[in-house]
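Here is a short briefing on a ligand and the spaces in a protein. Look over the sequence and the model first.

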Amino acid sequence: MRVARLDAPDDFDGWRDAARALAVEGVPADRVIWQVAGHANDLFAAEPEVAPPPEPALAAFRVPRTFVDLARDVVLHSDRERFAMLYSLLLRLRDQPRLIDDRADPLRRKLEEMAKSVRRDIHKMRAFLRFREVTDDAGERFVAWFEPEHHIVRANAAFFVNRFNTMRWSILTPEVSLHWDTETLSEGPGAVAADAPDGDPIEAVWKTYYASIFNPARLKVGAMLREMPRKYWKNMPETALVGELVAGARARETAMIETARSTTGGNIEGAWAALRDEAAGCTRCPLYRPATQTVFGEGPLDAAIMFVGEQPGDQEDLAGRPFVGPAGQMFDRALGEAGIDRASVYVTNAVKHFKFEPRGKRRIHAKPDAGEIDACRWWIEQERMLLTPRLTVALGATAARSLTGQTVTISRERGRVLTLADGTSGFITVHPSFLLRIPDSVRAGEEYRRFVEDLRSVRDTIV
Ligand code: URA
């Protein structure tokens, strides 16, 4: 047996040097015991430590960069077998360098999962650690307690030094403590939760800050809960407010709309314009980046029917208005044949930014995914709450998903009035672009007539 001794549980350099030396010597993975200083788990190990290999052999042994990056993360994992597992993969990579790209290999896959878990833990520490203020001889000091899952504290030190550079702070964790005095970072022993102070003035600062930035228009409860696992909530003063804020958000929206209604003598234009202006700056999903602008709904605010399309197309993105391109022209024609005046209905989209893939000079429509539809649902819900149309018509699958929250088979659900989850009436039909894409002219004609029939049903529902 050979013993490789590492200075600390996150000693990547120590592992790399030892692993390289062992691999150059050709020591098999099951002949190595990995020992971490202060963690006397292999007391029977007696053979000498690994000596550094001669330089030429070292130079002759190369591993893919991806492996080094993977190993850097995996070394921080809490699994005691991590060093041995990495060493096994390293040995196999010598003969099969392409193994690093083989996602089907069980060991490779397991190590990738471990690396992911480490990266998540690093992110959690950055996102959820909270300082409490104390006063010591030198004045103000900020102290935080955090319990990571893996050995990530040192790997995160530079982040906290950069972020809180001018504050004197200590981060206490069970394994190690970090102390920053605005110039030097030092390390101390692990701590227990009781060593960290409880509630204090910085909590009030956080709470005030959090409540002031808490805009119901940005409320994403699902994401908030996903990103803030409950385990961390006990150390986060602002989470005491979350339930209250979530519960209050609906009431505040309603109040906002009511205020707008009453202050404008029943005219909702002010509230609608405020909503449209807010949507113009929407960054709830990445689609706003390449798009020219938010394309908000338009039409009379007292319309009995609200039509919901998928997302603006190329022409809508440039014009800033919904359904003005080829699909819009087809839609207008069908509306006319069904006896519905476009000027009498409100027309909007489930997703308010144009999603596309550039191809040369052209921008090719790309379907919004479930996350983008869900992120944008906030706006359509506001539009519906404000306008209270008697019937909301989903044009195609994206709009149907946005309205129902579920994947909908259009052929099964089209053509009849449905009761939506909020008790209002909905109707599902095809999207006009579907008609434009049918290559066979006979079938296209038939489908167009079916679409007009659906629109006639819509008209009949509200007269
Ligand atoms: N397709 C849509 O769904 N909406 C538009 O505004 C234009 C095309």
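**The pocket and its ligand**

The lining of the second largest pocket comprises twelve nonpolar, eleven polar and six charged residues. Here Ala, Val, Leu, Ile, Met, Phe, Trp, Tyr, Cys and Pro count as nonpolar, Asp, Glu, Lys and Arg as charged, and the others, Gly among them, as polar. The ligand takes up this second largest pocket; a molecule sits in a pocket or cavity if more than half of its atoms lie within 2 Å of its grid points.

This is a predicted model: local features need pLDDT of at least 70, side-chain atom pairs count only at pLDDT 80 or more, and totals for chains, interfaces and linings use all residues. Residues are numbered from 1 along each chain as its sequence is written, and side-chain values use heavy atoms, with hydrogens and water left out.

**The pocket**

- The second largest pocket holds about 650 Å³ of space.
- It has 29 lining residues, and E310, H365, H431, S433 and R437 are the closest to its centre.
- A pocket is an open set of points on a 1 Å grid over the protein atoms alone, with protein on both sides within 12 Å along at least five of seven lines; lining residues have an atom within 4 Å of a point.
- At least two lining residues come from each of α12 (314-319), α13 (326-337), β11 (362-365), α15 (397-404) and α17 (432-436).
- These helices (H or I, at least four residues) and strands (E, at least two) are DSSP runs, numbered from the N terminus.

**The ligand**

- Around the ligand are G309, E310, Q311, P312, G313, E316, P322, F323, N349 and H431, each with a heavy atom within 4 Å of it.
- By class, this shell has three nonpolar, five polar and two charged residues.
- A polar side-chain atom of H431 is 2.6 Å from a ligand oxygen atom.
- For N349, a side-chain N or O atom lies 2.7 Å from a nitrogen atom of the ligand.
- F323 has a polar backbone atom 2.8 Å from an oxygen atom of the ligand.
- The ligand taken alone exposes 230 Å², and the protein buries 94% of that (Shrake-Rupley method, 1.4 Å probe).

**Cavities**

- The whole structure has three cavities of 30 Å³ or more; in a cavity, a 1.4 Å probe fits but cannot get out.
- The second largest cavity has a volume of about 40 Å³.
- C282, R284, C285, L287, Y288, V351, H353 and C376 line the second largest cavity.

Terms used
A polar contact is a pair of N or O atoms within 3.5 Å; within protein, one must be able to donate a hydrogen and the other to accept it, and residues adjacent in sequence count only if both atoms are side-chain atoms. Grid points are joined across faces, edges and corners, and a volume is the space filled by probe spheres set on the points.
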